[in-house]
Amino acid sequence: MNKLVVVGDELAKELAKKIKGKYIPVEERTFPDGEIKPKLKLPIGQRSSVGLKIKQEEKFKTSILIFQKKEKERINDYLIKFFLLSRKLKDCSKKVIGIMPYLPYSRQDKLFQEGEPLSAKYIAEVLEGNLDVFITVNMHEHRRTIKDNFSIPAYNLSIFGLAAKRFLTTKQKGEWIAVGPDKESERFVKDFIKERPIDYVIFSKQRNVKTGEVSFISPKKDFKGKKVIILDDIASSGLTLIKVAKLIKKMGAESVGFIICHGLFIEGALKKLRKLDPFLIAATNTVANPIAVYNIIDVISPFLKEQGEL
Ligand code: R5P
């Protein structure tokens, strides 16, 4: 029995190297009707051939499944691919650790309007059926925590400590303020300032559930001449960051920068953010994007070792 295997894409390959596991790549196929078929690329001798009976498949002690969401990949394809492979691994492993760097549907963590599903919880229920442990990064823990959604051991890691360490190396002088765009960002803003002790402030955000429009209540803070680093878990339409940055500039800030965990950047969001001339705009590689500078494997690999999950 092979001890430890890491299944997935380039992230899996990198993780396998760090934790001394065996990397198993995945072949992906999409049928004309949109159905997908991911397949473990097992060594020759274990593959099945059309028309032939599948040979006895290898069993693994611990399997880790990890995928980055590709830039153009539909979110539901990403989810189904993860589900199908985790179910496959459940059949051939003693223990399965699922690492989904970006956990889709986690923003629907409340019934905003009558008749809606509590998607964050329902998705967790589907995923955990095949897993022994679940790990994600900066999950949108606004109204529900990861422990409220999952009943298996589940961990929500933060990338903001690592981002702060890198931020420390920038040579820029001046007075800094870190900003969280909404109440819920306080958690990861604190992860950041723990490593980079600067002043910080948290805005209050409201979103119209019907139109998606966001508005902010400005905090009492003197931004005049300050350099402001805005931190957020997700940049999707970019609307949140754009609005808060414009407000901060209006309040006298010298310049603004952005650190984002999940850079989804839908519909030209990145271009719009760049128009604000930020001194920094950086994201992680949880989802593929052109400004992914923080590598989540640097957080996941030590965590797995410390936690004794391997
Ligand atoms: C919301 O509460 C999140 O923390 C993000 O601020 C939000 O999802 C960003 O979305 P968008 O870029 O579309 O404003």
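Analyst: Start with the ring-pair rule: rings of Phe, Tyr and Trp (its six-membered ring) pair if their centres lie within 6.5 Å. The model is predicted. By that rule there are eight aromatic pairs.

User: What makes F134 and F150 a stacked pair?

Analyst: Their ring centres are 4.4 Å apart and their planes meet at 15°. Pairing needs centres within 6.5 Å, and stacking needs planes under 30 degrees apart.

User: Why is the pair of F167 and F192 called tilted?

Analyst: The centres of F167 and F192 are 5.5 Å apart, with 55° between the planes. Stacked means under 30 degrees and edge-to-face means over 60, so an angle between these limits counts as tilted. F167 lies in helix α5 (residues 160–168) and F192 in helix α6 (residues 186–195), 25 residues apart. F167 and F192 are both buried.

User: Which residues do ring pairs join into a cluster?

Analyst: F167, W176, F192 and F279.

User: How do you know that T136 is buried or exposed?

Analyst: T136 has 0% relative accessibility. Buried means under 20%, so T136 counts as buried. T136 is placed in strand β6. Its contacts, leaving out residues up to four places away in sequence, include M100, P101, Y102, L103 and I146.

User: What makes the approach of T136 to P101 a polar contact?

Analyst: A polar atom of the T136 side chain lies 3.3 Å from the backbone oxygen of P101. The distance limit is 3.5 Å, so the pair falls within it.

User: Why is I266 called partly exposed?

Analyst: The relative accessible area of I266 is 39%. Buried is under 20% and exposed over 50%, so 39% falls in between. I266 is in the loop between β13 (255–263) and α8 (269–274). Beyond its neighbours within four places in sequence, I266 contacts S236 and S237.

User: How far is I266 from E116 in sequence and in space?

Analyst: I266 and E116 are 150 residues apart in sequence, and their C-alpha atoms are 24 Å apart.

User: Where does the charged end of K81 sit?

Analyst: Over the ring of F67, 4.1 Å from the ring centre. The distance cut-off for this label is 6 Å.

Terms used. Residues are numbered from 1 along each chain as its sequence is written. This is a predicted model: local features need pLDDT of at least 70, side-chain atom pairs count only at pLDDT 80 or more; totals for chains, interfaces and linings use all residues. Side-chain values use heavy atoms; hydrogens and water are left out. Helices (H or I, at least four residues) and strands (E, at least two) are DSSP runs, numbered from the N terminus. Buried means under 20% relative accessible area, exposed over 50%, partly exposed in between (1.4 Å probe, protein chains only). A charge sits over a ring if NZ of Lys or CZ of Arg is within 6 Å of the ring centre and within 35 degrees of the ring normal. Contact means heavy atoms within 4.5 Å. A polar contact is a pair of N or O atoms within 3.5 Å; within protein, one must be able to donate a hydrogen and the other to accept it, and residues adjacent in sequence count only if both atoms are side-chain atoms.
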